[in-house]
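Below is a short briefing on aromatic pairs, the nonpolar core and selected side-chain contacts.

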Amino acid sequence: MEHTVKTGNYCSSIVAGGKLDFIGQVLCPMKGTFSEGYNELIEEQVKRGGRNLYSYVPTVCGGGKKAGEAEPDPGDVLKYLTIGDFPDIAASFGYGDYFCSAFRDRFLGKGNFAAPERTGINSLFEHTGIEDPDGEFYIYSGYPVVFMVDRKKLGDLPVPHTWQDLLNPVYRKNITIGGGHGKVSATVPLHVYKNSGEKGLDKFEANVAQAMHPSEMVRLAGTENANNTAIYTILYFFGKAAGEKKNVELIWPEDGAVFEPAFFLLKKGKEAEYRFLIDYIAGKKYGELSAKNGFPVTCPGIDNRLPPEAKLQWPGWDFIKSHKMEKVSDMVCAPFQKYMV
């Protein structure tokens, strides 16, 4: 089966001319690595006599429909109106469209998806409660957020060690949070709201000075720039990039780094057909590369290369399934969106 390789606005590998078999969206820093491994996987599959897959696998950040373009974004899962049109397997991350009420009402809880059974789980994720009680979502990784502290800018203020510490008024207008592509990241505000309510979110907002992309945080921290703050909440991948920067220290929160899940949905009855792809997404080869880059994986037997005391935490299924996540995300991000204008 022929396929086309598109390198335009979508920057995707094998893109369908018809119904998609697979959507493979991963966090920006891993897109190139994931896509390269995926293309090799498909080539091997075809050589063994298997079929090619029609897929949408973005290779760089910022792919998708742009203003004024008529062509729809192949990765827009809300465009699918029936389960027959939906791809057989779809991977993504965060709390976006897959967790919104429109997607939930249309596709979830109807016997459409069945997560494959695990053969084990990495010890890092043992007590995080990642198993979907409804057996639909399969979480294979997480993207942890930690603290990056500028010791010189912090001065005599206490070093924060827990997320609750960030609500302390001594840090007023001295914290930078994450964002990108014109939007504030919901990860940290959502965690604050879930654990401390609206009052906690108000306290946190008073302490936040700005929001920016993690790569900008790394450049700014430790400098004499007037916009430098004492504390940054940053994706571990980018925080590691700070290296041995003078006065800058990466701190893993004692109560656990907050993570957003990376997951996939597999149509019921399709496990045997896509076992080779499941093993790639959730297996050791890609898992080792992911862990090496600071994105821990659930695959057992992999060294996630984190501090020995490292723990993870997230909102959990009870919270996710009892809220309209799109409304909660908008609400918790609203006080901070002004920093991304």
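Are Phe137 and Phe263 buried or exposed? Both Phe137 and Phe263 are buried, where buried means under 20% relative accessible area, exposed over 50% and partly exposed in between (1.4 Å probe, protein chains only). The model is predicted: local features need pLDDT of at least 70 and side-chain atom pairs count only at pLDDT 80 or more, while totals for chains, interfaces and linings use all residues. Residues are numbered from 1 along each chain as its sequence is written, and side-chain values use heavy atoms, with hydrogens and water left out.

**Aromatic pairs**

- The structure holds 28 aromatic pairs; rings of Phe, Tyr and Trp (its six-membered ring) pair if their centres lie within 6.5 Å, and planes under 30 degrees apart count as stacked, over 60 as edge-to-face and the rest as tilted.
- Phe99 and Phe263 make an edge-to-face pair, at 5.2 Å centre to centre with 85° between the planes.
- This pair links Phe99, in the loop between β5 (89–93) and α2 (101–107), to Phe263 in strand β12 (residues 257–266), 164 residues apart; helices (H or I, at least four residues) and strands (E, at least two) are DSSP runs, numbered from the N terminus.
- Phe99 and Phe263 are both buried.
- Phe137 and Phe263 also form an edge-to-face pair, with 5.3 Å centre to centre and 80° between the planes.
- Phe137 lies in strand β6 and Phe263 in strand β12, so this pair ties together parts that are 126 residues apart in sequence.

**Nonpolar core**

- The largest nonpolar core has 104 residues, of which Tyr98, Phe103, Tyr140, Phe204, Phe264 and Leu277 touch the most other members; such a core is a set of buried Ala, Val, Leu, Ile, Met, Phe, Trp, Tyr and Cys residues joined through side-chain atoms within 4.5 Å.
- Strand β6 (residues 137–150) supplies the largest share of this core, 10 residues.

**Trp163**

- Trp163 is found in the loop between α3 (151–154) and β7 (175–180).
- Trp163 is buried, with a relative accessible area of 3%.
- Trp163 and Glu254 are 91 residues apart in sequence and 8.5 Å apart in space, C-alpha to C-alpha.

**Thr128**

- Thr128 is found in the loop between α2 and β6, and is buried at a relative accessible area of 12%.
- Not counting residues up to four places away in sequence, Thr128 touches Phe259, Leu312 and Trp314.

Conventions
Contact means heavy atoms within 4.5 Å.
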